[in-house]
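The following note is intended for a colleague who is meeting this structure for the first time. Please keep the model in view while reading the numbered points.

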Amino acid sequence: MSTLKDRLSDGLYGAGWATVKKLPEPVAAGLGRRIADFAWKKRGKSVLRLEANLARVVPDATPERLAELSKAGMRSYMRYWMESFRLPTWSTEQVERGVDIKDVHHLQDGLAAGRGVILALPHLANWDLAGVWVTRCLGVPFTTVAERLKPETLYDRFVAYRESLGMEVLPHTGGSAFGTLARRLRAGGLICLVADRDLSASGTEVTFFGATARMPAGPAILAQQTGALLLPVTLWYDETAVMRGRIHAPVDVPESGTRAEKTSVMTQALADAFAGGIADHPEDWHMLQRLWLSDLEERPDTGAVAGTPGVETAGAATDGVGTAGAERGGERGE
C-alpha cells in the first residue's frame with residue numbers, strides 16, 4: 001500500500017507539472033478552484049486541521065466564519081499549486097507583473113553592504129513565486145533547504161523544479177546543509193527558509209497566537225554565527241492576480257544573553273512578524289498540519305510524506321534549519 005501510495009503521489013505531481021503548465025491561465029485558475037472546493041466539501045482531515053488552526057488565528061470566529069475561511073484557504077492553497085506548476089513557463093515580465101513586494105530596500109541594503117541576508121517566511125501565499133521574483137527580477141541567486149519527501153522520485157521532482165527556477169537546493173539530511181548555508185552567508189549571499197513549523201524536539205518554543213509552538217532555530221543561529229541580516233517576510237493574495245508581500249525590518253541579535261537566550265528572543269520576533277501577516281490574511285496561511293504543542297500531544301505527526309496536491313502536503317519542500325542540526329553542523333526541517 002505504501003509503495004502504491006508513493007507511486008500515486010508521484011504520478012499526480014508529475015501530471016500536474018506536465019499538464020497544468022500547458023493550460024491557459026483562466027482554465028488553470030478555474031481548475032484549481034474546483035479541486036479546492038471538492039476537497040473542502042469532503043471535510044477530510046486536512047480541511048478539519050486547517051479549520052482548527054484558523055480557529056486559533058481568529059478565536060472569535062463563528063463556525064460559519066471558520067468554514068468560509070477554510071474554503072478560501074483551500075482555494076488559496078490550490079492557487080499556490082496551480083501557479084507553481086506553471087511557474088517554469090512564466091516569463092520574467094509575467095513574474096514582475098504578478099508580484100508586488102514592499103520594503104525591498106531591507107534586502108537590497110543588506111546585500112549592498114556585503115552582509116549575508118536570511119529571508120525567513122511562513123507558509124503564506126506562494127513562496128516559490130516570491131523566490132522566482134528574487135532570482136529573475138532582482139537578479140539575486142539564493143540557497144534554500146529541501147526536506148526529503150517520500151517517494152524519493154517526488155523529492156527529486158521538487159529539487160529539479162526549484163533548481164530550474166534558479167534556486168540552489170540543499171537536502172536537509174546528511175549534516176552538511178547548515179555549514180553550506182553559513183558559507184553562503186559569510187560570502188555575502190542570500191538564503192531563504194520557510195520557518196514557521198518545526199516538529200523536532202529541539203525546535204525553539206515560541207508563543208504563537210496565545211499558545212506554545214515550536215519554530216526552527218536555524219535562522220536565528222545562522223544570523224548570530226555569520227553576522228547576516230535576518231529579515232522576516234510575509235506574503236498574501238488580494239482580489240487581483242497579483243501576489244503582494246512585505247520584507248519586514250531586521251530582527252537584531254540581542255546585545256546580551258547566552259546563545260540559547262538570544263535564539264529564543266530572535267525566534268519569538270520572527271513568530272510575532274509571521275503572526276501579524278497571518279492575522280491580516282488568515283486564508284492565505286497554508287498550514288494543513290498540526291503546529292501547536294497541545295495539538296501535537298493529542299497525536300504527534302510522523303515523518304514527511306507527500307500527499308495528494310491540494311489535500312495533504314503544506315508545501316513541505318522548503319524548511320527552516322532547526323537547533324539540533326545547528327549544534328552538530330547539520331539541520332532539521334519540518
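Predicted model: local features only at pLDDT ≥ 70, side-chain atom pairs only at ≥ 80, totals over all residues.

1. A search of the whole structure finds one cavity of 30 Å³ or more. On a 1 Å grid over the protein atoms alone, a cavity is a set of points where a 1.4 Å probe fits but cannot get out, whereas a pocket is an open set with protein on both sides within 12 Å along at least five of seven lines; lining residues have an atom within 4 Å of a point. The largest cavity holds about 200 Å³ of space, a volume being the space filled by probe spheres set on grid points that are joined across faces, edges and corners. It is lined by 20 residues, and those closest to its centre are Leu121, Trp127, Ala130, Gly131 and Cys192. Helix H7 (127-137) and strands S2 (117-121), S3 (142-146), S5 (190-194) and S8 (229-237) each give two or more residues to this lining, with H7 giving the most, six residues.

2. Residues are numbered from 1 along each chain as its sequence is written, and side-chain values use heavy atoms, with hydrogens and water left out.

3. The chain contains 13 helices and nine strands; these are DSSP runs numbered from the N terminus (helices H or I, at least four residues; strands E, at least two). Of its 334 residues, 56% are buried, where buried means under 20% relative accessible area, exposed over 50% and partly exposed in between (1.4 Å probe, protein chains only).

4. The largest nonpolar core has 93 residues, of which Leu119, Phe208 and Leu235 touch the most other members. Such a core is a set of buried Ala, Val, Leu, Ile, Met, Phe, Trp, Tyr and Cys residues joined through side-chain atoms within 4.5 Å. Helix H4 (residues 63-86) contributes the largest share of this core, nine residues.

5. Which strand holds Leu231? Leu231 is found in strand S8 and is buried, with a relative accessible area of 0%. Beyond residues up to four places away in sequence, Leu231 is in contact (heavy atoms within 4.5 Å) with several residues, including His106, Val117, Leu119 and Pro250. From Leu231 to Pro219 the C-alpha distance is 9.4 Å, and the two are twelve residues apart in sequence.

6. Pro219 belongs to the buried residues of helix H10, together with Gly218, Ala220, Ile221, Leu222, Ala223 and Thr226. Seven of the nine residues of H10 (residues 218-226) are buried, so this helix is largely enclosed by the rest of the structure. Gly227 follows H10 and has a positive phi, near 75°.

7. The largest pocket has a volume of about 770 Å³. Among its 25 lining residues, Arg33, Arg79, Asp238, Thr240 and Ala241 are the closest to its centre. Helices H2, H4 and H5 (92-98) each supply at least two residues of the lining, and H4 provides the largest share, eight residues.

8. Just after H2, Arg43 takes a positive phi of about 55°.
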